[in-house]
Amino acid sequence: HVNIGILTSGGDCPGLNAVIRGAVMKGDRIYGVNFQGIRDGFRGLVEDDIRPLPRHDVRGLSRTGGTILGTSRIGPFGEGGGGSARVKQVMERNEMDAIIAIGGEGTLTVARMLHDDGIKVVGVPKTIDNDLSATDYTFGFDTAVSIATESIDRLRTTAESHHRCMVVEVMGRHVGWIALHAGLASGAHAILIPEQPVSMEQICGWVESALDRGRAPLVVVAEGFMPDGAEIVRDALDGFGRPRLGGVGEWLGPIIEQRTDIETRVMTLGHLQRGGVPTSYDRVLATRFGLAAIDAVMDSKWGHMVSLRGIDIETVPLSEGTADLKSVPQSRWDEAAVLFG
Ligand code: F6P
């Protein structure tokens, strides 16, 4: 019997379970292969924490959030990980022939390194941030945008009642896709993303112009945003005598309030954006990725990952998938910015 190990690694993401289900269902029905569930990403491979993953364990899974396999950010190339040699040893002990690794940039990079050392591995891209260049979309992104949009809509009505400015911080350390889409969907007066470091003057200008038109100003900011003149902002913060807190919203809100004299509230959506059930779009994409991943395994496409191109699922080399981050292009920003203020 052929044994395929499957793991989810890195931050979790709605749709992971649908990938697992898709791969296991097709693997069982069409190819007659066995699956082994590797616990908590690469930790399970390093520590030999592996269990059988029969077809009945994946029943109904596409509707669920999180990952039944658990996840972690531990990798075989980190301290005490043992590298490819340790992974090979554990695979041999479990008679595991190949691995499907579901994860983001970090996971896919590890998968590529394992492949370079002769381990049979196929990747499935995952991230709510939608920042992997080798695929048009990743599952989890649509869910994150939907949750953010619904939350912003709710925050807007309370902001309007109180004639307040609302600053909503969404996820996105390196790229602003969630902010851009949730901001566009909810009609934000300013969308702030890491790719576009606009000035505090510009931000306050948008806030004031929205207020002038009788609106409750709504600012959607990605966690990785830093305004132009960031040092000035940091100095000004000290001037407030407020402790500098983690998130960008938490210091941006007080600065907007101080400079515009508009009462401002801040909401950081955080892990809400990654929790709960996936949207139908993400269930479909994730299921298709799972189906394609087991095909890739059976085709011996080692060192490749599945990818969405247009409406088709293709495979691309892992090296391509981990090359560059997909950031928001200038044209998408310009298009959205017409609506600000
Ligand atoms: O990459 C996904 C992501 O949710 C980012 O948007 C966010 O910056 C990060 O993970 C949060 O990581 P953690 O779950 O470890 O706090």
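**Notebook: two sheets and a listed site**

I began at one residue pair: Ile4 stands opposite Ala98 in β4. The model I am reading is predicted; local features need pLDDT of at least 70, side-chain atom pairs count only at pLDDT 80 or more, and totals for chains, interfaces and linings use all residues. Residues are numbered from 1 along each chain as its sequence is written.

**Entry 1: around β1**

I took helices (H or I, at least four residues) and strands (E, at least two) as DSSP runs, numbered from the N terminus. I counted two strands as paired if DSSP finds at least two bridges between them. Strand β4 covers residues 98–103, runs parallel to β1 and is joined to it by five bridges.

I then looked at the other partner of β1. Strand β2 (residues 34–38) pairs with β1 over four bridges, in the parallel sense. Here Phe35 in β2 is the bridge partner of Ile4. I followed the chain from β1 through helix α1 (residues 16–31) to β2, and found this β-α-β crossover right-handed. The term means that, with the strands pointing away from the viewer, the path from the first strand over the helix to the second runs clockwise.

Is β1 mostly covered or mostly open? I found five of its six residues, in the run 3–8, buried. I call a residue buried if 20 or more other C-beta atoms lie within 10 Å of its own, exposed if 12 or fewer, and partly exposed in between, with C-beta atoms placed from the backbone. I also noted a general point: in a regular strand the side chains alternate between the two faces of the sheet.

**Entry 2: the seven-stranded sheet**

I traced an open sheet of seven strands with mixed pairing, in the order β3-β2-β1-β4-β5-β10-β11. Which strands are at the edges? They are β3 and β11 (312–317), and each pairs on one side only. On average, neighbouring strands of this sheet are turned by 30° against each other, direction ignored. My axes are lines fitted to C-alpha atoms, for helices over the stretch in contact, and angles run from 0 to 180 degrees between N-to-C directions.

At the β11 side I found an antiparallel pair: six bridges join β11 to strand β10 (residues 304–309). Met305 has Val316 in β11 as its bridge partner. Next I checked the helices. Helix α1 packs on the sheet and touches β1, β2, β4 and β5 (121–125), with its direction at about 175° to that of β1. Helix α4 also packs on the sheet, touching β4, β5 and β10, and its direction makes about 165° with that of β5. I set contact between two residues at C-beta atoms, placed from the backbone, that lie within 7 Å.

**Entry 3: the four-stranded sheet**

I found four strands in an open sheet with parallel pairing, in the order β7-β8-β6-β9. The twist from one strand to the next averages 15°.

Three bridges pair β7 with strand β8 (residues 218–222) in the parallel sense. I located Leu192 opposite Val221 in β8. Helix α5 (residues 141–162) packs on this sheet, touches β6 (165–170), β8 and β9, and makes about 165° with the direction of β6. Helix α9 (residues 248–260) lies across β6, β8 and β9 and runs at about 170° to β9.

**Entry 4: the listed site**

Ile74 is in the loop between β3 (50–52) and α3 (83–93). Why does Ile74 count as partly exposed? Because it has 18 other C-beta atoms within 10 Å. Leaving aside neighbours within four places in sequence, Ile74 is in contact with Gly41, Phe42 and Arg43.

Gly104 is in the loop between β4 and α4 (105–116). I count Gly104 as buried because it has 22 C-beta neighbours inside 10 Å. Not counting residues up to four places away in sequence, Gly104 touches Gly10, Gly11, Lys126 and Thr127.

**Entry 5: the whole chain**

I counted twelve helices and eleven strands in the protein chain. Of its 341 residues, 49% count as buried. Its C-alpha atoms fill a box of roughly 70 × 40 × 30 Å, taken along the principal axes.
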